[in-house]
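Reader: I would like to learn how to read a helix in a model. Please take me through the features in turn.

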Amino acid sequence: VVLLCAGFVAQAQEIKIGYTNVEFIMDLMPEMEQIGADIQDYQTQLQTNIQTKAADFQRQVQTYQQAAQTMTEEARTAKEAELTKIQNDLQKYEQDAQVSYQRKLGELLEPVQAKVVNAINAVAAENNYTHIFAETAGQSPILLYTKEQDKFTELVLSKLELKLPTPPVGN
């Protein structure tokens, strides 16, 4: 029994677990400022296109409303079908723009994410960590408890040659 317990204790001592906040590290990366500007420009471009298409649609609706009284029933029905198609196309374009925005954001973030993950892997290997947890996954924390003296995030920042921001005075 003693040998069995000693084996478990020996195994438990080999496990070294760390945690980090990937989003926090990424926010400190110098590339993020340019990525923020690039994605803002892209979003503005998409919004401008949507607004242009929406304004054009509204003009067509107003023109139709003004001319509807003088149109034949057949012409009114055809114009309403055309406007419905334009409205559906506009809604699809808005949805496609959202997908395009997410894809572009992913493309821009991928090199930074890879750089951070590579640094995390390197620090974990250099410091004999067996497991590294993300402090949060989306909105749900996946870390329930840790000792505050775990400096894994600081080690990753050092690996990436980044400085830990100092908290504002007065906190």
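Reader: Which residues of H4 are buried?

Author: Buried means under 20% relative accessible area, with exposed over 50% and partly exposed in between (1.4 Å probe, protein chains only). In this predicted model, the buried residues of H4 include Leu83, Leu90, Ala97, Ser100, Leu108 and Leu109. Local features need pLDDT of at least 70, side-chain atom pairs count only at pLDDT 80 or more, and totals for chains, interfaces and linings use all residues. Residues are numbered from 1 along each chain as its sequence is written, and side-chain values use heavy atoms, leaving out hydrogens and water.

Reader: What covers the buried residues of H4?

Author: Contact means heavy atoms within 4.5 Å. The cover includes strand S1 (17–20), helix H2 (22–28), H3, strand S2 (131–134) and helix H5 (152–159). Helices (H or I, at least four residues) and strands (E, at least two) are DSSP runs, numbered from the N terminus.

Reader: Where does H4 bend?

Author: The bend at a residue is the angle between axes fitted to the seven residues ending there and the seven starting there. For H4 it is about 40° at Leu109, and a proline, Pro111, follows within four residues.

Reader: How do the axes of H3 and H4 cross?

Author: Axes are lines fitted to C-alpha atoms, for helices over the stretch in contact, and angles run from 0 to 180 degrees between N-to-C directions. The axes of H3 and H4 come within 10 Å and cross at roughly 180°. The loop between these helices, H3 (31–67) and H4 (73–126), holds Ala68, which is buried at a relative accessible area of 11%.
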